[in-house]
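Visitor: I am new to this structure. Please show it, and then I will ask about it piece by piece.

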Amino acid sequence: MVENRHGSAQDPPADIEGKASIGILTEADKSERRVALVPGSVAQLTKSGLEVRVQSGAGAAAGFPDEAYASHGAHVVSRDHALASDVLLGVRALGTEDPPDPGTVDALRPGHVVIGLARPLDAPEAVRLLADRGVALFALELLPRITRAQSMDVLSSQATVAGYKAVLLAADRLPKMFPLLTTAAGTVTPARVLVIGAGVAGLQAIATAHRLGAVVQGYDIRPAAAEQIASLGGRVVELPVEAGEAEGAGGYARAMDEAFYARQRELLTPIVAGCDVLICTAMVPGSPAPKLVPGEAVERMAPGSIVVDLAAPQGGNCERTVPDLEVSVGGALVLGPTNLPSTVPMHASQMFSKNVANFVDVLAHEGRIVIDPQDEIVAATLVASGGRVVLPAVAERLREPVSAEEGRP
Ligand SMILES: NC(=O)c1ccc[n+]([C@@H]2O[C@H](COP(=O)([O-])OP(=O)(O)OC[C@H]3O[C@@H](n4cnc5c(N)ncnc54)[C@H](O)[C@@H]3O)[C@@H](O)[C@H]2O)c1
């Protein structure tokens with residue numbers, strides 16, 4: 001049973017013994033290796049009175065075979081059977097893929113609850129599409145940064161994986177080793193790594209590069225990040241820019257004006273030029289990534305230097321970044337990976353799964369799914385419901401009116 005207090009109570013698409021069912025499907029994007037729920041999280045949902053149905057093969061690319069799901073109490077079923085579940089969990093929310101799988105979208109109907117990463121502010125058209133199907137869509141990237149939601153924070157868990165893997169990628173491609181080595185064959189000097197943006201991904205990158213023995217520098221616009229950079233063994237880069245108002249709601253950075261970014265580019269250029277590896281992670285929610293690294297800075301890096309730009313999905317921090325491509329700039333190589341967590345699919349899925357199971361727990365009440373917009377976690381993440389786009393920020397991007405009764409922030 002799904003009860004949507006935004007609209008009316010809905011009958012589930014296929015209710016078994018009154019339990020709401022949770023469906024896990026193979027991700028539509030063929031290059032995505034993660035799965036939204038791993039076998040180890042099945043019991044958390046079944047204990048809440050829910051039935052878990054997993055499409056056969058859904059976890060295979062992440063290293064989780066059907067047998068593991070079955071032994072943890074899930075039903076391994078066909079895609080159609082999984083799609084008929086009340087709640088559909090995806091790493092990428094079903095129907096919001098680019099492009100969406102038409103067969104999947106056609107199967108969605110009123111009463112379905114779709115949960116996953118949905119990029120609602122970057123690709124609001126997909127939210128409209130799901131609203132038209134009468135689906136209740138939860139976008140996990142909108143989880144509020146409050147203590148209660150910390151265990152559901154998929155952005156943080158996946159950024160942790162991305163920050164770690166970015167350093168390994170750079171270490172693999174760099175024609176140097178990371179640590180200082182004093183050997184009979186002479187002394188090898190340590191690699192110099194600069195991390196721009198010291199949020200979740202950046203701090204993990206600093207920690208990983210430090211563990212590998214590199215000399216690491218970290219920079220962030222938020223003054224509060226300095227202590228964290230230092231605590232992980234990084235040297236703090238301080239720029240003479242006025243960043244007093246840089247921290248906004250939820251601990252995120254604010255968007256600054258172009259003059260501010262121009263000054264940052266100018267000041268960062270000589271620092272970037274002196275590095276072997278640059279890891280970029282600076283982002284501002286809902287805005288394009290700030291351009292902080294001019295092409296000229298990369299051209300001045302030593303031959304063989306590596307830039308890994310984790311801001312590539314938002315356009316990149318480096319002027320020369322092209323999403324999902326490797327670009328030679330002078331003697332350096334600029335990488336713009338857009339989905340590093342998928343390259344560490346087992347642990348990335350395990351962390352995502354724990355987050356999403358905790359989120360489902362918010363909705364689960366004795367085997368039923370209850371959508372209560374009075375709950376602040378529900379209110380922040382519910383973007384479509386009852387045929388409408390209910391999140392004002394998304395409706396604005398679609399140039400749609402939002403009725404006053406929604407009362408949403
Ligand atoms: N539940 C919580 O309270 C919670 C959860 C996760 C993260 N956080 C905190 O939120 C902060 C940011 O998190 P995130 O990693 O998701 O952020 P993010 O991915 O939006 O941005 C990454 C980093 O880029 C930085 N940045 C943005 N513009 C910049 C610029 N012009 N120059 C330099 N750096 C710039 C940001 O300050 C941030 O640290 C961190 O302090 C983190 O600890 C809090």
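Visitor: In which loop is the place of proline 99?
Guide: Helices (H or I, at least four residues) and strands (E, at least two) are DSSP runs, numbered from the N terminus. In those terms, proline 99 has its place in the loop between strand E6 (87-92) and helix H4 (102-107).

Visitor: What kind of model is this, and how are its residues numbered?
Guide: It is a predicted model, in which local features need pLDDT of at least 70, side-chain atom pairs count only at pLDDT 80 or more, and totals for chains, interfaces and linings use all residues. Side-chain values use heavy atoms, with hydrogens and water left out, and residues are numbered along each chain as its sequence is written, from 1.

Visitor: Is the peptide bond from aspartate 98 to proline 99 cis or trans?
Guide: The angle to look at is omega, which is near -5 degrees for this bond. The bond from aspartate 98 to proline 99 is cis.

Visitor: What is the phi of arginine 119?
Guide: Arginine 119 is found in the loop between strand E7 (113-117) and helix H5 (124-132). Although this residue is not a glycine, its phi is positive, at about 45 degrees.

Visitor: How are H1 and H11 placed relative to each other?
Guide: Helix H1 (residues 39-47) and helix H11 (residues 345-363) have axes 9 Å apart and pack at an angle of about 5 degrees. Axes are lines fitted to C-alpha atoms, for helices over the stretch in contact, and angles run from 0 to 180 degrees between N-to-C directions. Angles under 35 degrees count as roughly parallel, over 145 as roughly antiparallel, 65 to 115 as roughly perpendicular and the rest as oblique. H1 and H11 are therefore roughly parallel.

Visitor: Which residues of H1 make the contact with H11?
Guide: Contact means heavy atoms within 4.5 Å. On the H11 side, the residues are Ser353, Lys354, Ala357, Asn358, Val360 and Asp361. On the H1 side, they are Ser41, Gln44 and Leu45.

Visitor: Is H6 roughly parallel or antiparallel to H11?
Guide: Helix H6 (residues 154-173) packs with H11 at an angle of about 170 degrees, the axes being 9 Å apart. That angle makes H6, relative to H11, roughly antiparallel.
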